[in-house]
Amino acid sequence: MKALKISMQFLLVLAVLFLNVQCKGKAENEGTKQTEIANKEPKDSLAISQEDFGKLPTGESIQKYTMTNANGMVVSVINYGGIITNLKVPDKNGKIEDVVLGFDSLEGYLTPAPYFGAIIGRYGNRIAQGKFNLDGTQYTLAQNDGQNHLHGGNKGFDKVVWEITKITNLHSIALQLHYLSEDMEEGYPGNLSTTVTYTLTNDNTLKVSYKATTDKKTIVNLTQHTYFNLSGDFSKDILEHEIAINADTFLPVDETLIPTGEFKAVAGTPFDFKQAKAIGKQINEDNQQLKRGLGYDHCWVLNRVSEDLSLAATAYDPKSGRFMEVKTTEPGIQFYSGNFLDGTLKSKSGGTYAKRSGFCLETQHYPDSPNQEDFPSVVLNPDQTYRSETTFKFSVK
Ligand code: GLA
């Protein structure tokens, strides 16, 4: 009897302990959720601030959100175009400088600008003749790049106002941007609900996550068009930056920069970046593809082992020691060496943005995929969710 009483008591204690743990677990989960929604004070010296960044001609107010981490890394984003206006990281001596091209005021972004820092959609890169077919229906898009469609058209995602939510997690901060692109906006079918999240962590990584859903079959290819100059000095060109691209092949283009459909081996060509080399090393070689791109403006076919985040490219500025590592879930990366910059746009530091004063590494599906059967599909169906992720990690060497 006594033994039974003791074991009953023991079971009771166990039950109380179990319930306690359950409740605690639940409370902790709720706590995490609440932190996100309530935008509580950031932890680990991570902080988000907000300031006015001017008004659009429509009177709409544009805000600039600045995320700062414990190392003083700064990422500023505006709700116009989801543009990254500033990205500041330390050099090898700890000097924190801005390493992305852009403007000090909203006006700069409202005059024709080459997509500095912007989110690109619905289709990053070119679509031949601005035409594509889905289930027998032909869709016609703006021909805003000669005869081709480029970067989503006349008013792509780089020129729309995004709704921004500040998010504070335990070890990271984020800006979640949302935009609903209506059915047939810029000629694309389906209401596309798009979310792009910029997350900053204390290991100096900026993560860009994309998510989209549609109510009608459509095509999607989102990317980020930041121009980097890791020297922090916009009066210098980027030709001494050393780039590596994890790709055995690239996509040669025709005279209008549409892929010919060939997957060409990089070996033995100026397009071989399997080992890091200076951008300027072979950029002026007598090569038909370099002539067509006026330098590098091509998509490399990434060597991927899975559809998880994998190494796409690295960039290194020997003088400042700044090193950037790009990982992505995407199958391609457009490496653009800033060939169209021509010294007419005023830089943040007072000078102008000269030819090749910045470079882009735009992770994406291949250009003109809707018209090229051998390229991975960019079709999004109503029962699917488009997801894509790219990380930019900064360090020094
Ligand atoms: C992309 C294109 C380039 C150019 C820039 C913007 O990188 O591939 O050809 O249009 O955008 O100037």
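**Notebook: the ligand site and its protein**

I began with the ligand and found a polar side-chain atom of His-151 at 2.9 Å from one of its oxygen atoms; I count a polar contact as a pair of N or O atoms within 3.5 Å. For His-225, I read 2.8 Å between an N or O atom of the side chain and an oxygen atom of the ligand. For Gln-334, the corresponding distance to a ligand oxygen atom is 3.3 Å. I then looked up the cover: the protein hides 95% of the 310 Å² of accessible area that the ligand has on its own (Shrake-Rupley method, 1.4 Å probe).

This is a predicted model, in which local features need pLDDT of at least 70 and side-chain atom pairs count only at pLDDT 80 or more, while totals for chains, interfaces and linings use all residues. Residues are numbered from 1 along each chain as its sequence is written, and side-chain values use heavy atoms, without hydrogens and water.

Next I listed the residues around the ligand, among them Arg-126, Asp-297, Glu-362, Tyr-115 and Phe-340 (a heavy atom within 4 Å of the ligand). By class, I get 6 nonpolar, 3 polar and 3 charged residues in this shell.

Last, I took the whole protein. I find 3 helices and 28 strands (DSSP runs: H or I of at least four residues, E of at least two). Of the 397 residues, 52% are buried (under 20% relative accessible area, 1.4 Å probe, protein chains only). Among contacts with a separation of 6 or more, 66% join residues 24 or more positions apart (heavy atoms within 4.5 Å). The protein exposes about 18000 Å², and carbon and sulfur atoms supply 52% of that area.

How values were computed
Buried < 20%, exposed > 50% of the residue type's maximum accessible area, 1.4 Å probe, protein only. Polar contact = N/O pair within 3.5 Å; in protein donor to acceptor, adjacent residues only side chain to side chain. Nonpolar A, V, L, I, M, F, W, Y, C, P; charged D, E, K, R; others polar.
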